[in-house]
Amino acid sequence: MRTHGLVEDVPGAGPADHLCWVYADDAALDRAAREFLAGGLARGERLLCVGERVIESLLTSPDHDLAALIERGAVETLTLAEAYAASGPFLAEQQLAYYDAATRRATGEGYRGLRVLAEVSDLAADPGQRAELIRWEHMADDYAVHGAGFSAMCAYRADLGPDALADVASVHPVVRAPGEVSSFRMFVDGDRIVLCGSVDAFCSDRLARVLSAAQADDDGVVLHVADLAFMDVAGLRVVARWAAGLWARAVSVEVTGASALLRRMWQVLDLDRVAPVTFSAALA
Amino acid sequence: MTATATVDADRFEHEALFYRGDADYLAGLLPFVRDGLDSGEAVVVAEPRARLDMLRDELADDAPAVEFLDMAEIGANPGRIIGVWAAALARHTRAGRRLRGVGEPAFPGRRTAELVECRLHEMLLNHAFDDGSGWRLLCPYDQEHLPRAVLQAALHTHPVRSTSATRLPSDAYAHGGHVAAFAEGLPAPGDAVLRGVYGPGDVPATRRTVAQWARSCGLPEKHVEALELAASELATNTIRHAGGTGTVAMWLDNGAAVVQFSDAGTVTDPLIGRLIPPLEQEGGRGLYLVNQLCDLVQVRSSGQGTTVRVSTWF
C-alpha cells in the first residue's frame with residue numbers, strides 16, 4: 001500500500017507524494033519546503049511553487065542557486081493571483097486540467113515529473129471555497145496516483161482553526177500537524193479508496209463530506225478499510241448512505257479488509273437495506 | 001385440563017407454564033404447540049438446545065412445521081429477545097398468520113444478573129405487545145431448578161399462570177410493573193472500582209480507556225472490541241442526550257468484567273435498545289447494537305439519572 005500516516009519530518013521523496021503540512025511558524029515551513037523541494041530536484045522533477053508564502057520561502061533558501069534553477073526551467077513559481085488567472089475560478093476540474101498540462105509539459109521537457117508546493121490556507125479559510133478545495137484535494141490525490149508524475153505538498157497555517165484543518169488533513173495520505181487534527185484520513189491507493197484511522201459520531205459529518213468528494217468510477221468503487229482502527233454506528237451509517245447514493249447511480253460499492261466487528265455491525269443494523277454493499281477480503 | 005382463564009384471540013396472551021421434570025414439561029407444552037399447528041398458526045419455539053432436541057423428538061412428524069430458536073443464543077442477553085419476537089410477529093402477521101410462541105428466557109443455569117434481567121424482560125413483553133396484534137406466548141418455568149424468587153416473579157410478570165393441568169389468571173400479576181422495575185437501581189459494585197468522568201471531547205479517550213482495561217483483564221480481542229464500541233456509543237449518548245457529562249465505572253464481579261455508564265439523563269422509553277429503529281430514523285441504534293454485541297446489558301433510568309451496565313463473561 002501507498003505510504004500513509006502521521007509524520008514529524010518530510011519523508012524521503014517518492015512518486016505520488018501527497019503531503020498535508022500544517023505549520024505554526026514560518027521557519028518550520030521553510031525547512032519543510034526546502035527539504036520537500038530538494039527531494040524533487042534529486043529525483044529530476046520540475047518544481048512548481050504556488051502561493052506567495054512558499055515563493056518567499058524558496059527565494060530565501062540558501063541551499064540552491066535559485067536564479068540558475070529558474071533560468072533552466074527546473075523551478076517555476078505561481079502567485080495565487082497568477083494561479084487564478086491561469087486556471088480561472090477555483091474549480092477542481094480546472095485545477096486538474098492546469099496541473100495535468102503542467103505535468104505533461106514537465107515530462108515532455110525531460111523532467112521526471114512535477115513536484116508542487118502550494119500554500120493554499122486562504123482557500124481553506126474561506127468556508128465558501130472549502131468544499132471545492134476538499135474535492136480538489138481528493139482529485140489531486142487520485143491524479144498523483146494515476147497521473148503522469150505529479151507530487152504535492154499542501155501547506156496550511158495552523159491557525160486556520162480545527163474544522164478547516166480537520167477537513168484538509170482528512171484528504172491526504174501523509175499528514176504533519178501539531179496534534180491529531182483529524183482522526184481519520186482518506187486517500188487513493190491504486191484503484192481503491194483507503195479509509196484509515198478512527199471515525200465516530202463527532203466526525204461522521206466530515207466523513208460524509210469527504211466521501212462525497214471522492215471520485216467514483218462507473219465500474220464501481222472499492223473502499224479499503226483494513227487500517228480503520230475504529231468506526232461507530234454513525235460512521236458506518238455514513239458509509240451506507242454514501243453507498244446508497246452511488247447505487248442510485250448504478251455504481252456498486254465493495255468494502256475490502258473490514259474487521260469481523262464491522263461486518264457484524266453492518267448485518268445487525270440491517271444496512272444492506274440501505275445499500276447492497278459487497279464485503280470481501282483485501283487482495284493486498 | 002381445567003381451563004378457567006379464557007383466551008382472547010385479539011390480544012397478546014402472556015402465560016407462565018410451571019413444570020416439574022421433563023414429562024410434566026412435555027405434558028404442558030406439546031398440547032400448546034399442537035393446538036397452534038392444528039389452528040394453522042405459525043409456531044415459534046425458543047428454548048435452550050437440550051429442550052429443543054427433546055421437543056423435536058416428541059413432535060416427530062410435526063417438528064418441521066415448527067420454527068426452533070436456541071434461546072441460549074438469541075436470548076443470551078435477555079435485552080435481545082423482544083426484538084426477536086417483534087420480528088417474528090411482523091413477519092407472520094404480514095403473511096396473514098397468527099403467531100404462537102414458546103419462550104423460556106429464565107432457564108436453569110442462568111447467572112443471577114441474567115435472571116434479574118429476564119424478570120424485566122418479561123414485564124417489558126407486556127408493555128411491548130399489549131396494544132398490538134393478538135398472539136400467544138407461553139413461558140416455561142422450571143419449578144425444580146429455578147430459585148424461588150424467580151418463580152414468584154413469574155407470577156407478577158404473567159397475566160396467566162398454568163401447569164400441565166390448570167390454566168388460571170395470575171392474581172399476583174402487576175400490570176405496568178415495568179415502570180418501577182425500569183427505575184429501580186442495580187446492585188452496587190464491589191470495592192475495587194475504577195471510575196472516571198467524561199465530557200464533550202472525551203469519547204475517544206473513554207473508549208480507549210475501556211478497551212485498555214478490558215484487555216488488561218484478559219478478555220479476548222473480540223470482546224475488547226465490542227466493549228470499545230459499547231463505550232463509544234454509550235458515552236456519545238451521554239454527550240448528545242444527557243447533559244454532556246457522565247461517569248464510567250469498571251470492575252470485576254463474579255466471573256464478569258463490568259463496565260457501567262451513568263449520567264443525569266432520563267430515558268422515557270423502557271424499550272430503548274430492544275427494537276431496531278426504522279431505517280429512516282436517525283438515532284437510537286447505539287444501544288440496540290450494544291445489546292446485540294455484548295453478553296449482558298442492563299439499562300435503568302429514572303428522574304435521578306440513567307445507568308447502563310454492560311457485563312462480559314470470562
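In chain B of this predicted model, 14 residues of domain 1 are in contact with 14 residues of domain 2, two residues being in contact if their C-beta atoms, placed from the backbone, lie within 7 Å. Domain 1 of chain B covers residues 2-181 and domain 2 covers 185-313; such bounds come from an automatic or database domain assignment. The centres of these two domains, taken over C-alpha atoms, are separated by 29 Å. On the side of domain 1 of chain B that touches domain 2 of chain B, α4 (81-94) and α5 each supply at least two residues, and α5(B) gives the most, with six residues. Helices (H or I, at least four residues) and strands (E, at least two) are DSSP runs, numbered from the N terminus. By class, this side of domain 1 of chain B divides into six nonpolar, five polar and three charged residues. Ala, Val, Leu, Ile, Met, Phe, Trp, Tyr, Cys and Pro count as nonpolar, Asp, Glu, Lys and Arg as charged, and the others, Gly among them, as polar.

Helix α5 of chain B comprises the 18 residues 112-129, which at 1.5 Å a residue should span 26 Å; the end C-alpha atoms are 26 Å apart, in agreement. The expected span is 1.5 Å times one less than the number of residues in the helix. Because 15 of the 18 residues of α5(B) are buried, this helix is largely enclosed by the rest of the structure. A residue is buried if 20 or more other C-beta atoms lie within 10 Å of its own, exposed if 12 or fewer, and partly exposed in between, with C-beta atoms placed from the backbone.

Chain B as a whole has 10 helices and 13 strands, and 46% of its 314 residues count as buried. The C-alpha trace of chain B spans about 60 × 40 × 35 Å along its principal axes. Residues 24 or more positions apart account for 71% of the contacts in chain B with a separation of 6 or more.

Chain A is divided into domain 1 (5-180) and domain 2 (192-280), with 29 Å between their centres, taken over C-alpha atoms. Here 10 residues of domain 1 of chain A are in contact with six residues of domain 2 of chain A. The elements giving two or more residues to this side of domain 1 of chain A are α7 (127-146) and α8 (162-169) of chain A. The largest share, six residues, comes from α7(A).

L160(A) lies in the loop between β6 (150-157) and α8 of chain A. This residue is partly exposed, with 19 other C-beta atoms within 10 Å. Leaving aside neighbours within four places in sequence, L160(A) is in contact with S121(A), A124(A), A125(A) and L165(A).

The largest nonpolar core has 130 residues, of which L117(A), C154(A), A155(A), L236(A), L227(B) and A230(B) touch the most other members. A nonpolar core is a set of buried Ala, Val, Leu, Ile, Met, Phe, Trp, Tyr and Cys residues joined through C-beta atoms within 7 Å. Helix α9 (residues 221-241) of chain B gives the most to this core, with nine residues. A second, separate core of 44 residues includes L17(B), Y25(B), A42(B) and L124(B).

Residues are numbered from 1 along each chain as its sequence is written, while chains are lettered from A and ligands numbered from 1 in the order in which they are written. In this predicted model, local features need pLDDT of at least 70 and side-chain atom pairs count only at pLDDT 80 or more, whereas totals for chains, interfaces and linings use all residues.
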